[in-house]
Amino acid sequence: MTKGQGVLGIFSYVDSTVEAIRSLKKAGYKDIKAFSPVPNHEIEEELKERESIVRFFTLTGGTLGAICGISFTVLTSLSWPIQTSAKPIVSLPPYMIIVFELTVLLGGLATLLGLLINARLRKNIPFSLYDPRFSEDKFGVLVVCKKGEVRDVEGILKSSGAEEIKFEGI
């Protein structure tokens, strides 16, 4: 089952790529993807991707690590108490090293897990719509639209300065 029609515009300049994205957004198209040989802040600002949720994985892992570190040290001290002079059995300052290490360890592992889950390495873009020139010197704008809107999208891309237009059913 096809989701719609993919229309890919190939551009040589960043300014024309950004202009095409602006024009498409003004026309009401939402499913827009951009290809660029280098990271570009202008394109990122126009696309306004949602922020990654990986940071919540890190926060959860770090919090879990701190709780595990405190629980591990305190419960171990209470299970096998060793009285040293007049010091309390549970004394937090010496345990902070273990708490810190577990916080960093579980926070890092949770970050890696969140990255792997959210990376979406397999993009649902037909291979025929990707152009190897996007890794060298060209920019691309891919729009997924209904079959009846293809000519409108093509006109917007051409008026923005697209050098080449490709079509594919998605």
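Leaving out residues up to four places away in sequence, Val-141 touches Val-7, Leu-8, Gly-9, Phe-11, Thr-17, Ile-21, Leu-24, Ile-32, Lys-33 and Leu-157, where contact means heavy atoms within 4.5 Å. The model is predicted: local features need pLDDT of at least 70, side-chain atom pairs count only at pLDDT 80 or more, and totals for chains, interfaces and linings use all residues. Residues are numbered from 1 along each chain as its sequence is written, and side-chain values use heavy atoms, with hydrogens and water left out.

The largest nonpolar core has 21 residues, of which Leu-24, Tyr-29, Val-141, Val-153 and Leu-157 touch the most other members. Such a core is a set of buried Ala, Val, Leu, Ile, Met, Phe, Trp, Tyr and Cys residues joined through side-chain atoms within 4.5 Å; buried means under 20% relative accessible area, exposed over 50%, and partly exposed in between (1.4 Å probe, protein chains only). At least two residues of this core come from each of strand S1 (5-11), helix H1 (14-26), helix H2 (41-47), strand S3 (139-145) and H5. Helices (H or I, at least four residues) and strands (E, at least two) are DSSP runs, numbered from the N terminus. H1 provides the largest share of this core, five residues. Another core, of six residues, lies apart from it and includes Leu-8, Ile-10, Phe-35 and Phe-134.

Ile-32 is found in strand S2 (residues 32-35) and counts as buried at 8% relative accessibility. Neighbours within four places in sequence aside, Ile-32 is in contact with Ile-21, Leu-24, Lys-25, Leu-47, Val-141, Leu-142 and Val-143. The C-alpha atoms of Ile-32 and Pro-93 are separated by 53 Å, the two residues being 61 places apart along the chain.

Phe-35 also lies in strand S2 and is buried, with a relative accessible area of 12%. Its C-alpha atom is separated by 9.2 Å from that of Asp-131, 96 residues apart along the chain. In strand S1, Gln-5 is found; Gln-5 counts as buried at 12% relative accessibility. Gln-5 and Glu-149 are 144 residues apart in sequence and 8.7 Å apart in space, C-alpha to C-alpha.

## The two sides of helix H5

Helix H5 (residues 150-159) has Val-150, Val-153, Glu-154, Ile-156 and Leu-157 as its buried residues. They cover an arc of only 160° around the axis, which puts them on the same side of H5; the arc is that of the directions from the helix axis to the C-beta atoms. On the face turned away from this buried side, H5 carries the exposed residues Arg-151, Lys-158 and Ser-159. Gly-161, whose phi is positive, near 110°, follows H5.

## Two loop residues

Ser-85 is placed in the loop between H3 and H4. Most residues other than glycine have a negative phi. Ser-85 has a positive phi of about 45° although it is not a glycine, and Ser-85 is exposed, with a relative accessible area of 61%.

Asp-137 is found in the loop between H4 and S3 and is partly exposed, with a relative accessible area of 46%. Residues up to four places away in sequence not counted, Asp-137 touches Ser-12 and Pro-37. Asp-137 and Arg-120 are 17 residues apart in sequence and 25 Å apart in space, C-alpha to C-alpha.

## The second largest pocket

About 230 Å³ of space lies in the second largest pocket. On a 1 Å grid over the protein atoms alone, a cavity is a set of points where a 1.4 Å probe fits but cannot get out, whereas a pocket is an open set with protein on both sides within 12 Å along at least five of seven lines; lining residues have an atom within 4 Å of a point. Grid points are joined across faces, edges and corners, and a volume is the space filled by probe spheres set on the points.

The lining of this pocket consists of 13 residues, of which Ser-77, Ile-82, Pro-88, Ile-89 and Tyr-95 lie nearest its centre. Helix H3 (54-79) and helix H4 (92-118) each supply at least two residues of the lining. Seven of the lining residues are nonpolar, five polar and one charged; Ala, Val, Leu, Ile, Met, Phe, Trp, Tyr, Cys and Pro count as nonpolar, Asp, Glu, Lys and Arg as charged, and the others, Gly among them, as polar.
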